[in-house]
Amino acid sequence: MTKSRWARVLIVEDSPVAGRILSEGISRDQRLAVAGIALTARSAVEMAERLRPDVITLDLVLPDESGLRVVQRVLHTRHVPIIIVSTLGVDGSESMPFLALAAGAADIIVKPSGDETSLRAFFPDLNERIATLALAHAVPTHTPVERAPRSNSVALPHATAIECVVVGASTGGPPALVELLTGLGPDFPAPIVIVQHIAAPFVEGLVRWLDKETPLHVTLAEDGTMPARSRAYLAPPNSDLVFSPDGRLRVIPVLTERRVIAPSADALFSSAAEVFGSRCAGVLLTGMGKDGAEGLLRLRTKGAKTFAQDERSSTVFGMPAAAGRLGAVEAFAEPRTIAGRLRRIAARLERMT
């Protein structure tokens, strides 16, 4: 391994051909080195212990045990970022990818079909995720995030009630959303509108999984819907989800070849700031990148309550840290604690501004 290749990857894949393709694609990135290829669950667990890779890519379909069991067994002995690379669940019929995320897997990505076009788009995305997770795991602390003084928030009139909660999440987001929505409870008196960065084929499965795993009714957002209390709405893929002036949801298709991130948390947060002002709360959860940071700042300058997931509980402290550097975050906490604060605000036990 050359000096520049600082992240070692273990590939777990039942097909030798697919394993070779993954190895070649990952090795093209000068930051990454393939430590080994495991073709069974048993060998995956043994090689994870012996080779101690920085990141594991994992197919959920293996000849001896499920990939879910690999996640459970590996993470029982050592914390290592695991990226699920699979076609399971792409039609929403399987919950295993989300069970793997709940068991501690860090991310999920759709396995490419194998044609040149899909592979060309797949590996830059996969390799960037691997490098980001390896770095986040190797350097668990970051430059301290300074919170902006309270005076940076424009003091608007005290809101009579919270009218919506807007949430942004990316890498590691699905389990964090379960914690947040479960903490809000079935009777939360405002709608929750969510942008979660996840591969488009997994969106419907994620909606069904969140609806099953949390006390709130979770649906895919539709254009023109008036959000209802005690319900959560997830942004559709390849579209921005925003509020119209009358408070209805608007689904605006995005040309993904012109923009990498769609849906955008910044777009959702910015529209909520304009429509609801201080009568809204914003939450930015774990994720790589900086989407949502500027939008959260707009919410805070309108007098809204703003929260971000803390570093300890984040899979990747990218988006929350970016928001913190802008002075957009009033409080960092784990998702359950944020939910408790939101319940207090909704019950008017805590002031909105």
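In what order do the 5 strands of the open sheet stand? The legends below begin with that sheet.

**View 1. The open sheet runs in the order β2-β1-β3-β4-β5.** Its 5 strands pair in parallel. β2 (32-38) and β5 (107-110) stand at the edges, and each has a single partner strand, so one side of each lacks a neighbour in the sheet. On average, neighbouring strands are turned by 25° against each other, direction ignored. This is a predicted model, in which local features need pLDDT of at least 70, side-chain atom pairs count only at pLDDT 80 or more, and totals for chains, interfaces and linings use all residues. Residues are numbered from 1 along each chain as its sequence is written, and side-chain values use heavy atoms, with hydrogens and water left out. Strands (E, at least two residues) and helices (H or I, at least four) are DSSP runs, numbered from the N terminus. Two strands pair if DSSP finds at least two bridges between them.

**View 2. Strand β4 meets β5.** β4 covers residues 82-86. It pairs with β5 in the parallel sense over 4 bridges. Ile84 stands opposite Ile108 in β5.

**View 3. Helix α1 packs on the sheet.** α1 spans residues 16-27. The helix touches β1 (7-12), β2 and β3 (55-58); contact means heavy atoms within 4.5 Å. The direction of α1 makes about 170° with that of β2. Axes are lines fitted to C-alpha atoms, for helices over the stretch in contact, and angles run from 0 to 180 degrees between N-to-C directions.

**View 4. The largest pocket holds about 960 Å³ of space.** A pocket is an open set of points on a 1 Å grid over the protein atoms alone, where a 1.4 Å probe fits, with protein on both sides within 12 Å along at least five of seven lines; lining residues have an atom within 4 Å of a point. Grid points are joined across faces, edges and corners, and the volume is the space filled by probe spheres set on them. Of the 31 lining residues, Asp125, Arg129, Ile198, Ala199 and Val260 are the closest to the centre. α5 (116-138) and β5 are the elements that give two or more residues. α5 gives the most, with 7 residues.

**View 5. The second largest pocket holds about 610 Å³ of space.** Its lining has 29 residues, and the closest to the centre are His79, Arg312, Ser313, Ser314 and Thr315. α4 (96-102), α5, α6 (173-184) and α7 (203-213) each supply at least two lining residues. The largest share, 4 residues, comes from α6.
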